[in-house]
Amino acid sequence: MPYSGKERSGDSVMNLQLHGYWRSSASYRVRIALSLKELEYEYVPVSLINDGGEQYSDDYLNLNPSQMVPTLVDLDADIQLNQSLAIIEYLDERFDTGLKLIPTHRIERARARALAQDLACDVQPLCNLRVLNQLKDKYDAQQDKVVAWNQHWIRLGLSVMERKLKRRAGKFCLGFDVSIVDVVLVPQIYSALRFDIDVAEEFPLLYKIYEHCNDLEPFLKALPEHQVDAR
Ligand SMILES: N[C@@H](CCC(=O)N[C@@H](CS)C(=O)NCC(=O)O)C(=O)O
């Protein structure tokens with residue numbers, strides 16, 4: 001089954017390509033990072049739904065053996081990279097556009113990575129499509145159980161963040177500068193809202209940061225519903 005990327009944004013070949021899916025939170029992270037760093041890129045949609053999932057096609061398997069999105073291709077550097085956090089760090093180091101997403105101070109950098117991983121490693125993988133499909137197909141979980149599963153892990157992760165950020169947040173997670181932590185937080189909150197968690201009520205600090213971020217053009221541009229493959 002070929003994956004055609006037929007809804008690619010733009011006709012010209014750009015040096016950066018992001019293979020992603022509009023609703024994928026890991027793809028959303030990378031879109032925010034690209035947008036904040038004002039990098040031009042070609043967006044190549046990989047439908048996680050059509051034809052049983054284009055991530056399983058041979059073409060995509062050759063690009064990214066993990067069969068998940070996103071994948072970043074940097075034609076100039078001849079690199080194909082998966083793992084959104086690694087991609088974000090790569091972009092931050094490779095393109096000095098004036099905005100740094102990874103703090104330069106060693107201690108701040110370690111803290112930022114830990115906070116980003118609190119969500120990207122401890123929450124999102126549990127709510128991934130293939131995990132949910134396994135729950136449904138192999139363990140007969142009905143939709144209400146699957147939703148409760150998602151809500152449970154998301155709530156747990158967000159309560160960790162709300163507590164950890166209490167003493168340090170400003171307009172953004174780490175104070176007054178946007179960072180990789182906001183880049184990971186915003187898609188996670190977007191997903192929490194999709195699963196009917198009352199984020200404003202339960203996690204007021206995080207919701208304030210989410211709202212502030214979504215007032216900014218780079219975050220708006222990266223929104224799932226603004227992508228060419230949005231349904
Ligand atoms: N740790 C990976 C996770 C990537 C990931 O979970 N991608 C999901 C969408 S958010 C996916 O492609 N799922 C496809 C599937 O489950 O079949 C990253 O941060 O890039």
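A: In this predicted model, 71% of the contacts with a separation of 6 or more are between residues 24 or more positions apart. The protein contains 10 helices and four strands, and along the sequence they follow the pattern β-α-β-α-β-β-α-α-α-α-α-α-α-α. The radius of gyration is 17 Å, close to the 17 Å that the globule rule gives for 231 residues, so the protein is as compact as a globular protein of that length. The C-alpha trace spans about 50 × 50 × 30 Å along its principal axes. Of the 231 residues, 37% are buried.

The pair to look at is α6 and α7. Helix α6 covers residues 143-165, and helix α7 covers residues 180-194. Two packed helices are described by the angle between their axes and the distance between the axes. Here the angle is about 140 degrees, and the axes of α6 and α7 lie 11 Å apart. Angles over 145 degrees would count as roughly antiparallel; α6 and α7 are therefore oblique to each other. Their crossing is left-handed.

As for the residues, α6 contributes Ile 154, Gly 157, Leu 158 and Met 161 to the contact. On the side of α7, these meet Leu 185, Gln 188, Ser 191 and Ala 192. By type, the residues of the contact of α6 with α7 comprise five nonpolar and three polar, with no charged residue.

Definitions and conventions. Residues numbered from 1 in each chain as written. Predicted model: local features only at pLDDT ≥ 70, side-chain atom pairs only at ≥ 80, totals over all residues. Axes fitted to C-alpha atoms, helices over the stretch in contact; angles between N-to-C directions. Helix = DSSP H or I, 4+ residues; strand = E, 2+ residues; numbered from the N terminus. Parallel < 35°, antiparallel > 145°, perpendicular 65-115°, else oblique. Left-handed = near helix turned anticlockwise from the far one by under 90°. Contact = placed C-beta atoms within 7 Å. Nonpolar A, V, L, I, M, F, W, Y, C, P; charged D, E, K, R; others polar. Rg over C-alpha atoms; globule rule 2.2 N^0.38 Å. Buried ≥ 20, exposed ≤ 12 C-beta atoms within 10 Å, placed from the backbone.
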